[in-house]
Structure formats: C-alpha cells, structure tokens
Amino acid sequence: MIRHSMLVLPLALVATPVFAQDVEPDEGIVVTAARTVLPVNALPLTVDVIDNAALNQQVAIGGSIVDAVSALTPSFSPTRQKLSGAGETLRGRSPLYAINGIPQTAPLRDGARDGFSIDPFFVDRVEVIYGSNALQGIGGTGGIVNQVTVGPPKQDGISGRVLVQGNSDSGFSGDGKGGKVAGLIGWRQERFDATVGAAFEKRGVFYDGHGDRVGTDLTQGETQDSRSWSVFGRFGYAVSDTARLDLMVNRFQLKGEGDFIAANGDYRRNLPTTSVRGTPPGVPATNRTESAALTYTDSDLWGGNLMLQGFFNRSRDTYGGEVAPIATFQDAVIAPIGTLFDQSQNRSRKYGGKFSYERKVPGFEALTATIGLDVLYDKTEQRLIATGRAWVPPAEYRSLAPFAQANLALFDEKLHLAGGVRHEDVRITIDDYRTLASYGGGFAVSGGTPKFSDTLLNGGVIIEPWKGIRAYASYAEGYTVPDVGRIARAVNRAGVDIDNYVNISPIVSNNRELGVEVKRGPLDASAAYFWSTSKNGSLLVQSGGVFEVQRQRVEIQGLEINLSAQTPIPGLTLSTGYAHLIGRTDGSDDDIYEVDRDLDGANISPDRLNLAASYRQGPLSARVQTQFFLSRKFERTPGNYDDIYSFGGYNVTDLSVRYDTAFGGLTLSAQNIFDKFYIDYYTQTVRPTDNAHFFAGRGRNFTLGWDYRF
C-alpha cells in the first residue's frame with residue numbers, strides 16, 4: 001500500500017513501504033480518481049493507493065475489497081461482515097464506490113450493496129480519496145473508493161493469471177468450508193488487445209470465537225453461505241502513440257444459498273444470534289451488478305490530456321423477506337395482519353458521461369488548468385416482488401456538472417496553490433404515488449420535479465521547504481442528495497407535495513483540514529486534524545425495524561496520526577495508525593441549528609488504533625496486523641449516556657504469509673488468529689436489544705491459495 005500525504009493526510013497503514021533516499025518514491029504515480037494526470041504530491045487531496053500486492057494480501061485475509069479498505073484505514077468503520085454496508089462510513093460519512101470512475105451507488109435509493117459490485121480478482125488497485133469532495137460528482141461526502149481494474153497486457157502475445165483458493169473455519173466444519181477459482185487471460189497484437197476473465201466463489205458458513213455459527217441476516221443479506229459468479233472483459237485499441245480507446249464490461253452476482261435461518265440470541269446473557277438449518281421464505285438475498293464503459297484518452301492532444309467516457313450501470317439488489325418483523329409490509333386488504341410475506345428489490349439503471357481536458361497554460365507553464373463536464377442519469381425504484389407493489393416509486397435523477405480546476409507551482413515547487421469550482425444542476429422526477437398502508441394508513445403523494453443547483457468550491461495550499469517535509473491546509477465541498485427513496489416511501493401525512501418537500505433537498509458537506517508530514521529516510525510520519533459540517537445532513541434512524549432518514553445538522557471532527565518506519569532488520573517495517581472521531585448532530589425539533597447529541601454507530605466509526613509488522617525479503621513476504629476498536633459511549637440526549645447503546649471495544653489480529661516460487665505463489669492467511677469472540681460494532685451500537693440481529697463477529701478462519709502468472 002502506498003501512502004500519499006499531500007494537502008490532506010492519509011490514514012491507512014503502509015504494507016511494505018521502501019525509502020532508499022530522502023525523496024518520495026511515489027511522485028510519479030497518477031491517481032485516476034483525482035481526474036488529473038498530475039502526480040499526487042501536487043494535489044490538494046487525501047489519497048491512498050492500495051497496490052496489487054497489498055490488495056491481494058488483504059483480500060486473502062478478509063475476503064472482499066470492503067474488508068481490505070477497512071483493515072488499512074483507521075477512520076473507516078469496522079465492516080459488518082454482511083452483504084449490506086449500511087452504517088459503514090469513512091470519516092463519519094458514506095464513501096462513493098466506483099469502478100474505473102463509474103459510480104456504483106444509486107443516488108436516489110442507496111441499497112448499501114455498492115461494496116460488492118466486482119470480484120477483487122479483476123481489480124488491480126484501489127484508490128481511496130478521503131473527505132468530502134465533488135471530484136466524481138454526487139456521493140463523495142465521506143470520500144471515494146475507486147476500484148481500478150486490471151490494465152491491458154504489457155507486451156505482445158498471451159499472458160494471464162489463475163487462482164485456486166480454499167477457506168475454512170478453524171474447526172474445519174463441513175458447512176464452514178469454501179473455495180474460489182478464477183482465471184484471466186490477455187492477448188495483445190500491435191495496436192489491439194483483449195483481456196477476459198471469470199471467477200467463481202463459494203463461501204461457507206461463518207463461525208464465531210465460541211465455535212458457533214454466526215447469525216444469518218435474512219433481510220439485508222449475507223456473504224456467508226453464498227455463491228458468486230463474475231465475468232470481466234477489457235478490449236483496447238491504440239489509435240495512435242498517445243491516444244487509446246478502451247471498452248470495459250463487468251458482471252457480478254452474489255446470491256445466498258438459502259440453507260440456514262436465524263435462531264434468536266439473548267442480549268441479556270450476551271448470547272449471539274446463530275444459524276440453524278432451514279429454508280428461508282422467498283428468494284434468497286442477491287446482489288447483481290452489470291457495468292460497461294467506453295473510454296477514449298489522448299495524453300498529447302494540443303499539448304494536453306483528454307479523457308472522454310460514456311458508461312452504463314445496472315443493478316438489482318434483492319433483499320430477503322420475513323413475515324413478523326417487517327410490519328412495514330403488512331396490509332389488511334391483502335392478508336390478515338401478521339400473515340403477509342413480502343420482500344423488496346432495488347432496481348437501478350444509470351447512464352452517464354465524463355469529459356475532461358487538462359494542460360499547462362501556454363506561456364505560463366507553472367499553471368496547470370483543467371476543464372470538464374459530468375452528466376449522469378439514473379432511474380431507480382424499489383419493488384415488493386412477492387405482491388407486486390411499489391415501496392419506493394420510480395424516480396429519475398438527472399445531473400449536469402461543469403467544472404474547472406487549477407494548480408499553480410511556485411518557488412521551484414516548494415509552494416503549491418490549487419483550487420477549483422464545480423456547478424451541480426440537479427433535477428429529480430417522481431410521479432404521483434401512494435405509500436404503503438403501514439405508513440399511517442397510506443397516503444396519496446403528489447409527485448413533482450424538484451430542481452436544485454449549487455456551486456461547490458475547493459482549494460488548498462502546501463508548503464514544502466525541504467524534500468519530504470510538508471505543512472498543508474485544504475478546504476473542499478462535497479455534494480449529494482439524501483436517500484430520496486427512503487424519504488419518499490416513509491411519508492406519513494396527507495398533503496405532501498414532492499416539489500416543495502424540504503426533506504429531499506441536497507446535502508452539502510464542508511471539509512477543512514490542517515496537517516504536517518515528514519517522509520525522509522526510513523521514517524514516514526504524519527498528523528492531521530479535520531472538521532466537516534453539513535447544515536442539513538442525513539442520518540439513518542431505525543424505526544419499527546426499518547431504517548429511515550432524518551435531516552439534521554451534522555458536525556464531525558477528527559484527529560489522524562500514522563507512523564511507519566523501516567527497522568535495522570532488512571525487509572522489516574513497523575507501522576501504526578490512529579483515528580479519533582467526534583460526531584454530533586441536532587437531536588431536537590426546535591428549528592435551532594445546534595448540535596446536542598452524539599452520532600451513533602449507524603453514522604460514525606469508533607476510535608481505532610492499528611498496529612502492523614510487514615516483512616519482505618526475497619521470495620518470502622509476511623504481515624501481522626492488529627486492529628483495536630476502542631470503547632465508546634454515546635450521549636443520546638444532553639448529559640445522558642445510555643449504557644445499553646455503548647460500545648465495549650474489541651481487537652482482532654490477522655496474519656498472512658506468502659512464498660513465491662517458479663510455479664506460482666502460495667499464500668496462507670488467517671483472520672482473527674486468536675479466535676477472539678466479540679459482538680460486532682454495529683450490533684452493539686445500533687441494535688443492542690434485538691435478539692434476532694444480535695450478531696457476533698467471525699472467529700478464526702484460514703485461507704490457503706495458489707496463484708500463477710504467465
């Protein structure tokens with residue numbers, strides 16, 4: 001993993017950094033999510049690049065890209081280890097997941113499945129940009145997690161990679177075993193190239209630190225007891241020495257096996273929900289995503305860099321169904337109360353385009369300017385598929401966003417000034433509809449076409465008097481809309497007109513940051529303080545077993561410190577990272593904009609300390625890492641700290657060892673090597689008294705893999 005501490009500090013731990021000289025070894029790395037070809041040390045951004053080696057190492061431990069990002073990023077929430085990522089945040093806000101810049105989140109109805117949209121086997125690296133920003137348009141209020149797929153073959157002929165992998169709990173239970181096979185083959189001949197691949201993975205049941213099956217979340221969906229299929233293709237043509245045309249296609253599906261149902265736990269005795277053999281009703285929870293993008297780039301068009309992209313994305317997120325707990329679906333007209341079964345499915349379709357052109361200003365080469373335009377169209381609805389009803393009515397989202405950026409290098413690049421402006425013009429269209437009967441009997445809601453526009457600013461300054469020593473400051477605004485689908489479906493009073501319904505107005509978050517960095521010789525140290533505010537923020541609040549949205553003022557501040565150093569032992573690096581977050585919101589309805597209540601675990605991560613030791617020498621590489629999630633109490637009303645919703649804290653230690661041979665590499669990884677038993681963070685802070693969702697975290701499990709490149 002490569003750390004970049006530019007104008008905003010990165011948080012994640014470095015897997016195996018190398019500092020042979022008192023210079024930055026990664027100056028020339030280009031981060032595509034930043035929408036520029038300038039190196040990262042010239043950008044007013046917080047950027048981490050999880051390279052291919054570090055990504056594969058973390059995926060072997062945790063099983064997914066979400067797990068990899070969370071493990072390496074102290075200000076990222078601990079993962080729920082479920083298919084749903086609801087409540088998983090970066091710096092206390094939702095990140096935007098993207099594949100090669102293609103947004104995976106549906107802006108009008110966030111199904112929280114966007115972390116599972118491509119198999120990690122087809123991802124070359126992950127770019128993480130921290131803090132609120134509008135670089136990729138809507139949604140990046142917490143940051144951007146951009147998954148960059150494998151590139152074209154580097155030379156003529158045939159090349160590729162294969163992977164065979166097995167996984168098991170420490171007791172080697174029959175239902176706890178899983179496996180994965182994947183292959184990728186590439187071909188290049190002069191100007192043409194093609195890369196195609198497929199992956200299949202079967203996941204067994206998870207076991208906790210007490211040797212019991214982890215509980216099944218029938219509604220939100222599981223990664224345990226599931227199967228996933230994925231196909232990928234990338235086809236390219238070199239139009240000239242500097243211009244290239246690329247077509248990328250991806251299809252990913254993860255579906256539950258439907259072999260288990262939940263058996264209630266008992267929170268009073270700290271007994272978690274478990275899984276027992278049984279057949280859940282309805283269709284198992286499933287996540288299916290299809291993406292395609294056609295991209296044209298020219299690195300020397302009139303002395304500048306051009307990027308044109310058109311993309312398509314379609315997703316269907318199917319959620320499990322239950323009768324009794326989901327009172328929201330009940331309707332006495334259809335069936336007696338307490339007997340009606342139903343389950344929901346999000347359906348989203350996106351089209352869009354991106355354009356940018358960047359070049360140094362003629363006659364003033366110290367100034368680099370960028371202009372661009374983003375266009376996005378999305379249509380989303382949430383259906384109840386067992387009874388054919390609409391829970392969230394079909395809604396359309398259209399955004400036009402021109403932008404401009406400038407970067408000025410002064411005094412032999414010892415001083416950088418950067419800034420930009422982006423104008424968002426948004427239109428949302430919702431037809432007339434009727435809410436479900438459970439929302440106060442059902443109400444007719446007048447549809448409409450609300451329109452919003454806002455101009456977003458960003459800027460920063462960095463002073464680097466000596467190579468590798470920096471002080472910096474930055475300001476950036478992020479833009480998104482709240483979960484319009486949740487808001488529209490939950491209208492519980494008559495006379496609401498969507499055209500003037502304040503609850504669907506946009507969210508603008510402001511991120512400010514100060515920091516210092518020292519990166520010289522074997523030492524890499526940095527510290528930063530940031531604060532982020534949104535006057536009309538968006539919070540997830542549980543109501544009757546279903547999460548709805550409340551619009552409230554939100555203020556988040558945090559301190560991030562990290563340190564990495566090579567030791568005198570060749571190949572051994574020690575690293576640590578720490579994040580302290582405070583989140584407050586307005587918990588009253590008095591129309592006074594003040595924050596008087598802590599954000600809960602559905603909206604902010606716990607403080608965290610990460611420790612890691614990495615070793616790489618010759619064919620052998622290894623890493624041991626421990627994540628300490630620190631205890632915390634939440635002030636739910638002024639002066640009232642509710643012990644029921646407090647977080648007791650826990651820690652998890654992982655290990656990975658790899659040995660490369662002439663016939664491929666062997667990797668043995670262990671997650672939670674000490675088989676620690678714990679109730680996960682989300683359960684402790686959001687649903688601590690819900691015996692049906694009182695989930696323990698995954699205990700010790702092993703993954704043995706072999707991969708070969710040719």
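In this predicted model, 33 salt bridges are present. One of them joins the side chains of E513 and R91, with an N to O distance of 3.1 Å. E513 belongs to strand β24 (residues 507–520) and R91 to the loop between α2 and β3 (95–99), so this pair ties together parts that lie 422 residues apart in sequence. Both E513 and R91 are buried.

A salt bridge is also formed by the side chains of R244 and D193 (2.8 Å, N to O). Because R244 is located in strand β11 (residues 243–256) and D193 in strand β9 (residues 192–203), the pair connects parts 51 residues apart in sequence. R244 has a relative accessible area of 19% and is therefore buried; for D193, the value is 5%, so this residue is buried as well.

The side chains of R658 and D707 meet in a further salt bridge, at 2.8 Å from N to O. Here, distant parts of the chain are linked, with R658 in strand β33 (residues 650–661) and D707 in strand β35 (residues 701–709), 49 residues apart. R658 counts as partly exposed because its relative accessibility is 22%, whereas D707, at 8%, counts as buried.

Helix packing was examined for α1 and α2. The axes of helix α1 (residues 52–62) and helix α2 (residues 65–72) come within 8 Å and cross at roughly 110°; the two helices are therefore roughly perpendicular to each other. On the α1 side, the contact involves L55, Q58, V59 and G62, and on the α2 side I65, D67, A68, A71 and L72. Of these contact residues, six are nonpolar, two polar and one charged.

Notes
Residues are numbered from 1 along each chain as its sequence is written. This is a predicted model: local features need pLDDT of at least 70, side-chain atom pairs count only at pLDDT 80 or more; totals for chains, interfaces and linings use all residues. Side-chain values use heavy atoms; hydrogens and water are left out. Axes are lines fitted to C-alpha atoms, for helices over the stretch in contact, and angles run from 0 to 180 degrees between N-to-C directions. Helices (H or I, at least four residues) and strands (E, at least two) are DSSP runs, numbered from the N terminus. Angles under 35 degrees count as roughly parallel, over 145 as roughly antiparallel, 65 to 115 as roughly perpendicular and the rest as oblique. Contact means heavy atoms within 4.5 Å. Ala, Val, Leu, Ile, Met, Phe, Trp, Tyr, Cys and Pro count as nonpolar, Asp, Glu, Lys and Arg as charged, and the others, Gly among them, as polar. A salt bridge is a side-chain nitrogen of Lys or Arg within 4 Å of a carboxyl oxygen of Asp or Glu. Buried means under 20% relative accessible area, exposed over 50%, partly exposed in between (1.4 Å probe, protein chains only).
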